[in-house]
Amino acid sequence: QVQLVESGGGLVQGGGSLRPSCAASGSILSIVNMGWHPQAPGKERELVAVSGGSINYADSVKGRFTISRDNAKNLVYLQMNSLKPEDTAVYYCNARVTTRLPMGTKTHTYWGQGIQVTVSS
């Protein structure tokens, strides 16, 4: 089994910065990719940044957010700068992970519990 635990959310004024992190643990053989998905009240969860074979960002965060990974520690960070009130959401981390089974391997997507990011105007 694999667990993802996010930390580093909070309340910040508009224009400020936050750097949440997400740690993956468990029987991990390899991680295909890791990403961040905010979900604002009344809206669907969306992908804003992903790091795998390449790094990609949603247009809404390009130039403001930077995703990075520490592969040795199975960590992913999201440096969030120039935050806006519309960035307010619960931010979920996910990871596509390959684990070992008794008779082979399995690749599955796991999710963290989410952390609140609130940006005041």
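Let me start with S21, which lies in strand 3, residues 21-26. Strands here are DSSP runs of E, at least two residues long, and helices are runs of H or I of at least four, both numbered from the N terminus.

A word on the source. This is a predicted model, where local features need pLDDT of at least 70, side-chain atom pairs count only at pLDDT 80 or more, and totals for chains, interfaces and linings use all residues. Residues are numbered from 1 along each chain as its sequence is written, and side-chain values use heavy atoms, with hydrogens and water left out.

Back to S21. Buried or exposed? Its relative accessibility is 15%, so S21 counts as buried. The cut-offs: buried is under 20% relative accessible area, exposed is over 50%, and partly exposed is in between, with a 1.4 Å probe and protein chains only. What does S21 touch, beyond residues up to four places away in sequence? The list is V5, E6, S7, W36, V76 and Y77. Contact means heavy atoms within 4.5 Å.

Next, T98. T98 sits in strand 9. At 12% relative accessibility, T98 is buried. Setting aside residues up to four places away in sequence, T98 touches S27, I28, L29, S30 and V32 on one stretch of numbering, and T105, K106 and T107 on another.

Look at the C-alpha distances. Y110 and N94 are 16 residues apart in sequence, and their C-alpha atoms are 5.5 Å apart. W111 and A95 are also 16 residues apart along the chain, with 6.7 Å between the C-alpha atoms.

The contacts beyond four places in sequence are as follows. Y110 touches Q1, V2, L4, C93, N94, A95, V97 and T99. W111 is in contact with L4, H37, R45, Y92, C93 and N94.

R45 deserves a slide of its own. Which ring does the charged end of R45 sit over at 3.6 Å from the centre? That is the ring of Y92. R45 also lies over the face of W111, 4.8 Å from the ring centre. The criterion is NZ of Lys or CZ of Arg within 6 Å of the ring centre and within 35 degrees of the ring normal.

What about ring-ring pairs? The structure holds 0 aromatic pairs. A pair needs ring centres of Phe, Tyr or Trp (its six-membered ring) within 6.5 Å; planes under 30 degrees apart are stacked, over 60 edge-to-face, the rest tilted.

On to Y57 and T66. Y57 is in strand 6, residues 55-57, and T66 is in strand 7. Y57 has a relative accessible area of 24%, so it is partly exposed. T66 is partly exposed as well, at 42%.

Where do they reach? Beyond four places in sequence, Y57 touches V48, A49, K62, F65, T66 and I67. The C-alpha atoms of Y57 and L47, 10 residues apart along the chain, are separated by 8.0 Å. For T66 and I55, 11 residues apart, the separation is 9.3 Å.

Two backbone angles to check. N74 has phi near 55 degrees, positive in a residue other than glycine. N74 is in the loop between strand 7 (65-70) and strand 8 (75-80). At 22% relative accessibility, N74 is partly exposed. S82 is not a glycine either, and its phi is positive, about 50 degrees. S82 is in the loop between strand 8 and strand 9. At 41%, S82 is partly exposed.

What is the volume of the largest pocket? About 250 Å³. Of the 17 lining residues, P38, E46, S60, E86 and D87 are the closest to the centre. Strand 4 (28-39) and strand 9 (89-101) are the elements that give two or more residues to the lining.

The lining divides into 7 nonpolar, 3 polar and 7 charged residues. Nonpolar means Ala, Val, Leu, Ile, Met, Phe, Trp, Tyr, Cys and Pro; charged means Asp, Glu, Lys and Arg; the others, Gly among them, are polar.

The pocket set-up: on a 1 Å grid over the protein atoms alone, with a 1.4 Å probe, a pocket is an open set of points with protein on both sides within 12 Å along at least five of seven lines, and lining residues have an atom within 4 Å of a point. Points join across faces, edges and corners, and the volume is the space filled by probe spheres set on them.
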